[in-house]
Amino acid sequence: MKDLELSPKVLHKDHDDDILIDSTTPLLPAYITIEEFESLPAEKESREVFDKYYNLVGNVYLLSFVPYKISESEFNGGVFSGFYNEVKGEFILSARFLPVTVVRMLNRGEKPLNEYLFDREKSLILQRWFSQHPDNYLAPVFSYIAKIDTENYFFYRKPHEHVPGLMLIEMARQAMYHYVYSCSGYDRGDVSISMNNLGLSCQQYVISSYELELLVCHRENQYRNKPKTVDKIARFYQRGQFVGSLTLAGSVINTRLFKRLRNLSFPPTHWFKLVNKNTSQVVVTDVTGRCASVELQSVSTEGVRLNTSPFDHYSHVNILLPNEPSITLPLAEYGKQFDDFIELKFAKLTSSQRNALSEFIKCKTKIQVYETPPVAQDGKAELAQANG
């Protein structure tokens, strides 16, 4: 386990404003049975920390601050029914993990939320220790307190009286990234998580006025080191009640392989136009170094088409993008003039230039023309002649 901060890099975001998680803490089990405790490795440091946080109650070790029993009135109120069961007329703790917000409610909210969180370093020590249980069902669970920003332009562009579902999905996705890089043995940057399946279940509306807590763990509650796949679940809690869950299954892919998989192969006869002409400026240079701003009609993997022809001899085309590196690509010296545009072929491109061109086509353009290669056109003509 690693102690990672909630940074844009860890959460696969670009800016601090994109982070939708306020805080995170390693969550400790509400109880450990005597049999489970005796099966754990004999680690002196771990047992010393355990003794500080757990008290023996009956046949279980109970986590501090967690009531072993609650009153009938509390149980009948329904708030805690998901965490306690009736046993012979008493209402006994049954849930292995309790959200921090629930623990505070059980204690009548007498202390600030952060006072129900234990020392982070010691909590991680215990999580590592529990994950070594021979039956392997004490996988780490992390608690995340969501950041609900009702001024967020993307999620609240339309006024909402509840937290939008898309915002819940993004909160869970960010929490899961943090969980994977904290608990799986992988370092951020070495791998990427590619989502295969995503499922959201909503039991109640989530509102912005109360804390929203997410508990994230492996769906089978088993610890796995450097797995090839991920199967995570985030459970949402608000006001002590379960309000929904999100499940995510995906593949763990080496970053270099992931980048290759994302490189699409565009047919050279497909021409693409800019989605927004105002987001870029195109400048061409001739062999003498003169420059001219031009209007880009379309681009392919083999060349560009311009609406004007300012020079007779060409050298480079420069695509200038706001807040992004410019793309400079070499051109063949001469172009082919058509009725309403000139077509210029690229000279030999380097691997990095081809990658930059491919990214530009993927992110900034949309298809304009599907052209049939000349060889295929000839084949159609021959087929038509053969069929009379």
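The legends below describe close-up views of a predicted model. Local features are given where pLDDT is at least 70 and side-chain atom pairs at pLDDT 80 or more, while totals for chains, interfaces and linings use all residues. Residues are numbered from 1 along each chain as its sequence is written, and side-chain values use heavy atoms, with hydrogens and water left out.

**View 1. The hairpin of strands β3 and β4.** Strand β3 (residues 54-57) and strand β4 (residues 60-63) run antiparallel and are joined by four bridges. Strands (E, at least two residues) and helices (H or I, at least four) are DSSP runs numbered from the N terminus, and two strands pair if DSSP finds at least two bridges between them. L56 has Y61 in β4 as its bridge partner. Two residues separate the strands, and G58 in the turn has a positive phi of about 65°.

**View 2. The crossing of helices α2 and α5.** The axes of α2 (residues 44-53) and α5 (residues 120-130) come within 9 Å and cross at roughly 115°. Axes are lines fitted to C-alpha atoms, for helices over the stretch in contact, with angles from 0 to 180 degrees between N-to-C directions. Residues E45, S46, R47, V49, F50, K52 and Y53 of α2 meet K122, I125, L126, W129 and F130 of α5. By class, this contact has seven nonpolar, one polar and four charged residues (nonpolar: Ala, Val, Leu, Ile, Met, Phe, Trp, Tyr, Cys and Pro; charged: Asp, Glu, Lys and Arg; polar: the others, Gly among them).

View 3. Leaving aside neighbours within four places in sequence, F37 is in contact (heavy atoms within 4.5 Å) with I32, R47, F50, Y61 and W129.

**View 4. The salt bridge of E90 and K69.** The closest N and O atoms of this pair are 2.9 Å apart; a salt bridge is a side-chain nitrogen of Lys or Arg within 4 Å of a carboxyl oxygen of Asp or Glu. E90 lies in β7 (residues 90-93) and K69 in β5 (residues 69-70), so the pair ties together parts 21 residues apart in sequence. E90 is partly exposed at 37%, and K69 is partly exposed at 43%.

**View 5. The salt bridge of E343 and R305.** The closest N and O atoms are 2.8 Å apart. E343 is in β21 (residues 342-345) and R305 in β17 (residues 303-306), so the pair ties together parts 38 residues apart in sequence. E343 is buried at 10%, as is R305 at 6%.

Technical notes
Buried < 20%, exposed > 50% of the residue type's maximum accessible area, 1.4 Å probe, protein only.
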